[in-house]
Amino acid sequence: KIGENQKAITILEKMIIDLKPKTGKAEYLLGINYIQLEESNLGCNYLEESAKKGFTFPQSMLDQFCYEKKS
């Protein structure tokens, strides 16, 4: 997977369009890939969509990468 983020994104986006999975796992994986490419807005959108579909992952991911820390 290292260095293959763009290839993974292409495959996952096609899978979501073609298969319309309901688990949220594909969105989670997309989110991680986009965050690794420093495209946080897209990554966070996919992580939030994954959570809405019921896929469970550590809330700390959203907290760390998506939500602004309040001082």
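Student: Which residues of H1 are buried?

Tutor: This is a predicted model. A residue counts as buried when its relative accessible area is under 20%. In H1 the residues that count as buried are Asn 5, Ile 9, Leu 12 and Ile 16.

Student: Which helix do the buried residues of H1 pack against?

Tutor: The face of H1 turned away from the buried side carries exposed residues, among them Lys 7 and Lys 14. The buried residues of H1 pack against residues 25-36, which form helix H2.

Student: How far apart are the end C-alpha atoms of helix H1?

Tutor: Helix H1 has 15 residues, and at 1.5 Å a residue it should span 21 Å. The computed distance agrees with that: the end C-alpha atoms are 20 Å apart.

Student: What is the radius of gyration of the protein chain?

Tutor: The secondary structure of the protein chain comes to four helices and zero strands. For its 71 residues the globule rule gives 11 Å, and the chain comes close to this, so it is as compact as a globular protein of that length. Its radius of gyration is 12 Å.

Student: What percentage of the residues of the protein chain count as buried?

Tutor: The protein chain exposes about 5200 Å², and carbon and sulfur atoms supply 56% of that area. Of its 71 residues, the share that count as buried is 31%.

Note on methods: Residues numbered from 1 in each chain as written. Predicted model: local features only at pLDDT ≥ 70, side-chain atom pairs only at ≥ 80, totals over all residues. Heavy atoms only, no water. Helix = DSSP H or I, 4+ residues; strand = E, 2+ residues; numbered from the N terminus. Expected span 1.5 Å × (residues − 1). Buried < 20%, exposed > 50% of the residue type's maximum accessible area, 1.4 Å probe, protein only. Contact = heavy atoms within 4.5 Å. Rg over C-alpha atoms; globule rule 2.2 N^0.38 Å. Areas by Shrake-Rupley, 256 points an atom, 1.4 Å probe, with all protein chains shown as cover.
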